[in-house]
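Here's a quick briefing to read with the model open beside you. Have a look at the structure, then work through the points by topic.

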Amino acid sequence: MCSAGVELTGCRNRRDPTMDAATDRELRREDAERIAAICADVGDDPHRMMDILRAVQDDLRWISPPVMQLIADRAGLSRIAVEGVVSFYAFLSQVPKGRITIRLCDDIIDRFAGMPAVAAAFEAALGIKVGETSADGAVSLEYTPCIGLCDQAPAAMVNDIVLTQLTPDRVAEVAAALRGGQRPEDLISHEFDDLSPHDRATRQVKNNIRHAGASLLCPVPDGAGLQRALDMTPGRIIEEIEASGLRGCGGAGFATGRKWRFAAAAEAERRVIICNADEGEPGTFKDRVLLTERPHLLIEGMTIAARAVGATDGILYLRGEYVYLRELIEEVLQDRRDRGLLGQGIGGAEFDFDIRLQLGAGAYICGEEGALISSCEGLPGEPKTRPPFPVTQGYLGLPTVVNNVETFCHAARILDKGAQWFFDMGHEGSHGTKLFSVSGDCLNPGIYELPYGLSVRDLLAMAGGEDAAAVAVGGASGTMIARDQFDRTLSFDDLSTAGAVVIFNGSRNILEIVEYYMSFFVHESCGYCTPCRVGNVFLQKAIGKFRDGLANPEDIDYLKDLSGTIIETSRCGLGTTSPNPILTTLENFPLIYAATVKPSKDRIRASFDIQSAIDSARHLAKRRSTIFDEDFSK
Amino acid sequence: MTGFTFTIDGVEVAAKDGQTIMEAADAAGIYIPRLCDHEGLRHQGSCRVCTVKAGGRSVAACTQPAQAGQAVENETPHITKLRRDLVEMLFHEGNHLCPICEASGNCELQAMAYRLDMTQPTKFPYLDPCRALDASHPDIALDTNRCITCGRCIRASQEIDGKGVFGYVGRGINRRVAVNGADLSDTDAEVTDFAISKEVCPVGCIIRKGEGFSIPIGEREFDKSLIGHKIEGKKRD
Amino acid sequence: MTELRKARIATASLAGCFGCHMAILDIDERLIELMKLVEVDRSPLTDIKQFTRRCDIGIIEGGCCNEENVHVLRDFRRNCDVLIAIGQCAIMGGLPAMRNAIMHSDAPLRECLEEAYITGRYIRNTTHQVPNDPALPLLLDEVYPCSEVVEIDYNIPGCAPSGDIIYETLAGLLAGKFSGFEREQIRFD
């Protein structure tokens, strides 16, 4: 499957694609004109490089060296700078892709839900292997990490639309329809173009709201929070948020009011509000539901934040995997502009604020706020050196507030209902409600909005996951717990999480899950710093040794030791949490590791398998070993 | 400009406002090991070899501002162990066969291993990359299998030469240094560029043709002295 | 009733260039002193092919590139109390392990042998065959450091290690007070 380990070894035997491409065809004149128009659309602004490259990728299906040169010339950059961006994002390609690109979700939940059979069905129906493009350039088939549809796995993207709950039979229909010339949109509905953006989204993806809580998924009034905020001073808004106890819902849990206060206090002529809708943590999909069902509340929250800190510019950074929500969000933004709720003089006050939608292009790291800002600036998604922190110098050096989708939504509700109302929910240090994305081995996967402080056991009971043997709280970078810890609570002071609750029953192979998570981090590391770029590859390889029964007893200490170095020396949160699947399973499932190691006999390593080491030579030489084959040695 | 003091391994060090821990340490003649940082180039903080403990947290000394009164740990056994792991990772990531490398003896990666008392890089599996050599340029060759992605050449070319010959491409373990063109001969690189000088590439990745193995074993830079000696030498002056 | 006897040493050269064995001779005149303390059992230096009895110290040069290397190395592990890997090849595969980095196809070993004996640009092999005498040991799929095949007690770095580091390590071990290398002694070339 698409583990980056494969990619690494794969890079050995293939020639560098950029080298091949460099010798390829010259740019055609009509292509050059279209690219020039795309660049001109954003004023040849290098900071809009993501928009340029996404549009060129959609148009030409790849970004060749002469295309990179043309874009570089238009934007005033060097070709290597453009190549740095193109080669960073998974959805941008330096080799020609098919007119239709099918991306199969490779998450562990999708695998357990039957993705291998779905992938095989696609391969059979299309006549290509995963990772290939058909000779006629019609279709490409590839794997992609979690696309945020774990509650309706196995799922896939077909260009800009998504298909869920795939089966081999459905795959056969899909392939036949595409081969018959239908558009991906036609797979959803033959009246796709006549549907509203919201209907288009919900025809593709179910919301699966299993429990609506008091803050976000209950019925919410339109605009009440913003209305109150417009009557308050900016300082008063920040006080209200601080008093509510709201903490960031993207995982780190920083106090939202404090963040706003820092940004408001930073000296600057312009300030920026960014919404982080790049939820890429395997098993997390709550923001997808908010973006679908509460987009106005989200924009309202961003507008309130802008009012509080004095920001004029807003960016909503939507992960590339959620491109199917683009029209829905654009419609909401336009509607609010039309109603005077965005743009100049909001609510009749002296308050200007507008938001642009920035799409990502397949990079988990862009969920890290510095990397997200880099991406918004048109750069590879690399985290920034801290200090300075974004609240003082963020997007283009301006004071910037970056908050999660859920955080902004809560902020809007707090302004409507009051700080005390929010503070009274949950418990000390963890106030309000939280959305949990529940998936895996349970009867009712979906979204649960619950006050903080619930136990894992209670949530499992609600979701019909009582036979769980392991739960990954917080997804890949979170904590993997065993049955004896199901009484632990979901809160900042115990199991802190952005909301992913991934359930595994006793039939699942823990080491397979851990290996998948490590391959995910290897694939998604930006590669900027040594420990995360290299160390995670070694962790992945070490787990592979355990799975293959080739681990020595001292390899358990090796895992702990290497994990410690990665955590302590990595530059951002990806590296400081990527060893978690290993460390938490070593702690909570120690017997699984102990049972797979091979102790040495006579200090000769049982983990070295001479038979497999000489097997290829045996075939090549067409003779057996005079030392290690029994018929000779006896 | 006002100043303050802090300590590195118990030694009091003077610093100016806005200085990083490493800048203040360098000025005081205290060496903090580093690979991606180079005097005169923008700090990048990517190799993490300059990791120190400051205020109880591990930070990169090259980018972390010094703070008044802070106690910084530099060459403690724990920090040295972390650095050894990082240097060892770099050895295993690329192809670093010292006996056949013309940088041997002048190589900062190798010298750093010596300083950190690494007997031999054996801790991790070798990743054995096999990237094509770029020998297209008449005076310069590029073996990125030896690249440790420190990016010193990228910054040197941009900031000192005003050119932009090099840049990063790729992500994760596939991140590497590439050139602004189809190959090196397709760029405006010249052997007289600062980016190409032996001061910039810490390993044997950027090769000046016709120069290899000109200094006999025993007389190369790190045959005679430990890496960091130039900075530590300042202390005695 | 401890028997006062000379320490017994054995040596072997696996996938290496024999340079580390030559480096052992770089001990020079101290060799005479050393020989008062040790006797050499199985070794290419004595031409003794099998262990005559259990040895105190085994010294291994070279990594494992074929089945015979594995067999010899295991034999050394069984028959020696302390096993030392000497030189870069024994420790991490060394130059022979360069083949690990150039074998990329689905049939890496075949690709490697064909390049070496048939298709390589400078090959003049009129038989156009890969040598395959029954007496040739089978090659391993890749070159392995000794420590992946057996447990190794000490590594002496260098290519080849200096006479000094070899002498001091052996002298230290024989005196029971070896405690690691001086920083100046460690060299990777």
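Predicted model: local features only at pLDDT ≥ 70, side-chain atom pairs only at ≥ 80, totals over all residues.

Residues are numbered from 1 along each chain as its sequence is written, while chains are lettered from A and ligands numbered from 1 in the order in which they are written.

**Where the chains meet**

- Chain A puts 37 residues in contact with 35 residues of chain B; "in contact" means that the C-beta atoms of two residues, placed from the backbone, lie within 7 Å.
- On the side of chain A that touches chain B, the elements giving two or more residues include helix 1, helix 2 (17-22) and helix 6 (79-86) of chain A. Helices and strands here are DSSP runs (H or I, at least four residues, for helices; E, at least two, for strands), numbered from the N terminus.
- Helix 22 of chain A gives the most to that side, with 8 residues.
- By class, the side of chain A that touches chain B splits into 17 nonpolar, 11 polar and 9 charged residues. The classes go like this: Ala, Val, Leu, Ile, Met, Phe, Trp, Tyr, Cys and Pro are nonpolar, Asp, Glu, Lys and Arg are charged, and the others, Gly among them, are polar.
- The contact between chain A and chain C takes 20 residues from chain A and 21 residues from chain C.
- Helix 1 (4-13) and helix 27 (610-621) of chain A each bring at least two residues to the side that touches chain C, and helix 27 of chain A gives the most, with 8 residues.
- That side of chain A is made up of 10 nonpolar, 4 polar and 6 charged residues.

**Chain B: two domains**

- Chain B is divided into domain 1 (3-75) and domain 2 (84-224), with bounds that come from an automatic or database domain assignment.
- The centres of domain 1 and domain 2 of chain B, taken over C-alpha atoms, are 25 Å apart.
- Where they touch, 11 residues come from domain 1 of chain B and 15 residues from domain 2 of chain B.
- The domain 1 side of that contact in chain B has 6 nonpolar, 3 polar and 2 charged residues.

- Helix 3 (residues 108-115) of chain B is largely enclosed by the rest of the structure, because 8 of its 8 residues are buried. A residue is buried if 20 or more other C-beta atoms lie within 10 Å of its own, exposed if 12 or fewer, and partly exposed in between, with C-beta atoms placed from the backbone.
- Among the buried residues of helix 3 of chain B are B:Glu108, B:Met112 and B:Arg115.
- The cover over them includes helix 2 (77-93) and helix 5 (221-224) of chain B.
- Just after helix 3 of chain B, B:Asp117 has a positive phi of about 60°.
- B:His229 sits in helix 6 (residues 229-236) of chain B and is partly exposed, with 15 other C-beta atoms within 10 Å.
- B:His229 and B:Ile30 are 199 residues apart in sequence, yet 9.7 Å apart in space, C-alpha to C-alpha.

**Chain A: the two sides of helix 9**

- In helix 9 (residues 168-179) of chain A, A:Val171, A:Val174 and A:Leu178 are buried.
- These three cover an arc of only 65° around the axis, which puts them on the same side of helix 9 of chain A; the arc is that of the directions from the helix axis to the C-beta atoms.
- An α-helix has 3.6 residues a turn, so residues three or four places apart point the same way.
- A:Asp169, A:Glu173 and A:Ala176 are exposed on the other side of helix 9 of chain A.
- The buried residues of helix 9 of chain A pack against several elements of chain A, including strand 1 (100-105) and helix 8 (115-126).

**Chain C at a glance**

- Chain C has 7 helices and 7 strands.
- Of its 189 residues, 41% count as buried.
- The C-alpha atoms of chain C fill a box of roughly 60 × 35 × 30 Å, taken along the principal axes.

Definitions and conventions. Expected span 1.5 Å × (residues − 1).
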